Amino acid sequence: MKLTDSDIAALQEIVGKENVILDNEALEDYCHDEIPSLYFQPDAVVKPENTEQVSKIMALASERKFPVTPRGAGSGLSGGAVAVEGGIVLSLEKFNRILEIDQENMMAVVEPGVLTGQLQKEVEAVGLFYPVDPASLDSCSIGGNFAANAGGPQAVKYGITRHYVTGIEAVLPSGEIINYGGKLVKNTSGYDLLHILLGSEGTLAIVTKLVLKLIPLPKYRIDLLVPFSSFEAAADTVTKIFQSRITPVVLEFMDKAGVKSCEAFLGKELPFSDAEAQLIVGLDGNNEELLEQECEIVGEICLEAGADDVLVADTPFAKENLWEARRELLETLKAISEEVEVEDVVVPRAKIPEMIRATVEISKETGFPIVNWGHAGDGNVHVAILKKDISDEKWQTELEGVIERVFQKAIELGGTITGEHGIGYLKRKHLPMAVGQVELELMKKIKAAFDPEGILNPGKLF
Ligand SMILES: Cc1cc2nc3c(=O)[nH]c(=O)nc-3n(C[C@H](O)[C@H](O)[C@H](O)COP(=O)(O)OP(=O)(O)OC[C@H]3O[C@@H](n4cnc5c(N)ncnc54)[C@H](O)[C@@H]3O)c2cc1C
């Protein structure tokens, strides 16, 4: 939908001319997220600086019925922050202040545009810890994490965004401002509005302030890189580590195709690149001696389960080396393939080898190259389907079938189609595969209760 001159003038009145972007070149950065092929130009980008302005913008949009797409840092992988039906992108980039780090209650109060990595650094400087660590942490915002219910490698021990938000301020599509929760560890006052908004991908309300729980920062951390000649052995090891009653802080895996791609892209040899699978196991704690003992136990479990070796990284330099392939993987894939379709299925942890075997089979049968990596401790498998040398015609006509086979397998194994990237625009037609008809109708009723005019982030989820 096109904004009228009078809509634009009203927006400029609310936030000032300098905060309404209309110029095509300046709009460019807001036309996509990290999936460049999902490209939609908004009529304008609006950058409010406070909650009152967001409230006025939403009241105006409600009255004039133009679409509003909230946007954090734009690092999403499902087209959630893209204005697929035009109207405005409402960027929260100016909500970038850490308002308070309350050491007594171990809580932080932040604006949604604060980058996750920045918050982590600031709380760690006072001995506290915000452990939600999406691999994109230096380029994603706390508001985007809330809207996507983001997780990260440390979720296996410390959980995901859901476990750390205890209070919010948000603006409804009508312009009304709501508050729920606070610096509270517990809260059972009525329906839990916070957790209805959490993970709602900017379709129900715009979050303008968050209260986050912090925990004490563990003193020590050791990471292990463990190569295996089979996925089964790697997956067995994951189960055995948990059975030993040691909870690792991270338990990541990558397949050989992923490591080899990184090696070629970075132009240097990476450790154990011929292994069929690699695990990164991280352990942390406050007692150095105990941590070293746990590290030895985990090392032995790995070797007994068939690991070819165990590389220990206990210095920042060694850790940097060990994580290089894992961290660079998505960028590598984008560099070696003109298009990359990243799926994000999640299955019960013990089903990971079956899931991966299925993707290898799908790749062989369809001719589409597939790379797997992910959070083994959470059962979260990232399945990247690469275009590489595949013709445009085959990519356009057959990709959908490949995606559906991957999703079907995850569901058959008791899993679902997305663990952390969300449904957004990209997977909206697949949502009915993951949830039943009654559940879907209930979700649509929740959407209608918050947003009866359908102006907030239209075209997403459903
Ligand atoms: C290299 C790479 C690695 C990644 N690794 C991970 C990972 O390990 N774990 C993980 O979970 N994700 C990961 N992601 C995905 C992405 O970083 C997360 O989804 C992140 O939470 C998005 O935050 P953002 O600020 O960039 O949000 P955006 O992309 O700007 O928006 C995401 C969604 O949130 C909504 N939104 C944003 N701000 C608000 C707000 N204030 N109020 C209401 N709605 C809002 C938007 O409308 C959109 O629907 C990765 C992405 C990349 C590119």
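**A loop and its surroundings**

Mentor: Lys388 sits in the loop between β18 (380-386) and α13 (392-412). Helices (H or I, at least four residues) and strands (E, at least two) are DSSP runs, numbered from the N terminus. The model is predicted: local features need pLDDT of at least 70, side-chain atom pairs count only at pLDDT 80 or more, and totals for chains, interfaces and linings use all residues. Residue numbers start from 1 along each chain as its sequence is written.

Now the backbone. Lys388 is not a glycine, yet its phi is positive, about 40 degrees. Lys388 counts as partly exposed because it has 14 C-beta neighbours inside 10 Å. (Buried takes 20 or more other C-beta atoms within 10 Å, exposed 12 or fewer, partly exposed in between; C-beta atoms are placed from the backbone.)

Next, look at Arg245. Arg245 lies in the loop between α8 (231-243) and β13 (250-255). Its phi is positive too, near 70 degrees, and Arg245 is also not a glycine. Arg245 has 8 C-beta neighbours inside 10 Å, so Arg245 counts as exposed.

Then take a glycine. Gly175 has a positive phi near 105 degrees, in the hairpin of β8 and β9, with 5 residues between the strands. Strand β8 (residues 165-171) and strand β9 (residues 177-181) run antiparallel, joined by 5 bridges. Strands pair if DSSP finds at least two bridges between them.
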